Amino acid sequence: MNRKIINSQKTNYGFTLIEMLVVVAIMATLMALIAPRFIERAEEAKVTATVAQLQQISTALDMYKLDNSTYPTIDQGLQALVEKPFGSPEPKNWKHYLNEVPLDAWKNEIYYVYPGEHGVYDLYSLGADGQQGGEGSNADIGNWTQN
């Protein structure tokens with residue numbers, strides 16, 4: 001009995017190195033075009049979140065004033081919205097206004113000045129860079145810059 005050995009051609013279904021390099025190059029080009037837009041959107045979202053936090057604190061400050069006839073002093077600070085402050089003026093009708101003093105979206109402190117330069121009080125974040133001034137997401141965000 002003679003068995004014939006059938007010699008079949010091997011079929012290679014893998015990718016060649018050149019095909020892989022082309023795919024990687026296309027992906028890198030797409031990332032170079034798309035990634036900056038995602039980063040820009042993320043920074044815009046942080047600015048929006050910080051504006052919302054400033055509005056939340058502003059509402060709490062206004063409620064504090066309605067209850068106590070004055071805003072917290074600079075010495076009492078925003079912590080007066082979390083814990084009853086000591087010192088003068090003593091809040092006669094203090095209530096719990098916030099669970100905690102929030103940080104801005106970049107995890108930096110939110111500043112409070114009373115009396116303010118731009119309004120009755122100033123409430124602001126120093127932006128992404130944490131320093132005064134700047135442009136874009138590094139710009140200061142204050143309750144006076146919002147409509």
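This is a predicted model: local features need pLDDT of at least 70, side-chain atom pairs count only at pLDDT 80 or more; totals for chains, interfaces and linings use all residues.
Figure 1. Leu-33 belongs to a nonpolar patch on the surface, together with Ile-18, Val-22, Ile-26, Leu-30 and Ile-34. The accessible area of these residues together is about 570 Å².

**Figure 2. The protein chain as a whole.** The protein chain contains 1 helix and 3 strands. Read from the N terminus, these elements follow the order α-β-β-β. Of the 147 residues in the chain, 27% are buried. The chain exposes about 11000 Å², and 56% of this area is supplied by carbon and sulfur atoms. Among contacts with a separation of 6 or more, 42% are between residues 24 or more positions apart.

**Figure 3. The sheet formed by β1, β2 and β3.** The 3 strands make an open sheet in the order β1-β2-β3, and their pairing is antiparallel. Strands β1 (111-113) and β3 (141-142) stand at the edges; each has a single partner strand, so one side of each is left without a neighbour in the sheet. Strand β2 (residues 122-125) is joined to β3 by 2 bridges. Within this antiparallel pair, Tyr-124 has Gly-142 of β3 as its bridge partner.

**Figure 4. The salt bridge between Lys-95 and Asp-67.** How many salt bridges does a search of the whole structure find? The search finds 1. In this salt bridge the side chains of Lys-95 and Asp-67 meet, with a distance of 4.0 Å from N to O. The pair links distant parts of the chain, since Lys-95 is in the loop between α1 (17-68) and β1, whereas Asp-67 is in helix α1, 28 residues apart. Side chains of opposite charge can pair when their charged atoms come close. Are the two partners buried or exposed, or in between? Lys-95 is partly exposed, with a relative accessible area of 46%. Asp-67 counts as buried because its relative accessibility of 18% is under 20%.

**Figure 5. The largest nonpolar core and the surroundings of Leu-81.** In soluble globular proteins, nonpolar side chains tend to be buried together. The largest nonpolar core of this model has 19 residues. Which members touch the most other members? They are Ile-57, Leu-61, Leu-78, Leu-81, Tyr-112 and Leu-123. Helix α1 provides the largest share of the core, with 6 residues.

**Figure 6. Tyr-121 and its contacts.** Tyr-121 is located in the loop between β1 and β2. This residue counts as buried because its relative accessibility, 8%, is under 20%. Apart from neighbours within four places in sequence, Tyr-121 is in contact with Ser-58, Leu-61, Asp-62 and Tyr-71, among others. Further contacts of Tyr-121 include Tyr-112, Val-113, Tyr-114, Gly-116 and Asn-143. Tyr-121 and Asn-143 are 22 residues apart in sequence, and their C-alpha atoms are 8.7 Å apart in space.

Terms used: Residues are numbered from 1 along each chain as its sequence is written. Side-chain values use heavy atoms; hydrogens and water are left out. Two strands pair if DSSP finds at least two bridges between them. Helices (H or I, at least four residues) and strands (E, at least two) are DSSP runs, numbered from the N terminus. Buried means under 20% relative accessible area, exposed over 50%, partly exposed in between (1.4 Å probe, protein chains only). A nonpolar core is a set of buried Ala, Val, Leu, Ile, Met, Phe, Trp, Tyr and Cys residues joined through side-chain atoms within 4.5 Å. Patches are made of residues with over 30% relative accessible area and no salt bridge: like charges are joined within 9 Å, nonpolar side chains (Val, Leu, Ile, Met, Phe, Trp, Tyr) within 5 Å. Accessible areas come from the Shrake-Rupley method with a 1.4 Å probe; for residues, only the protein chains shown count as cover. Contact means heavy atoms within 4.5 Å.
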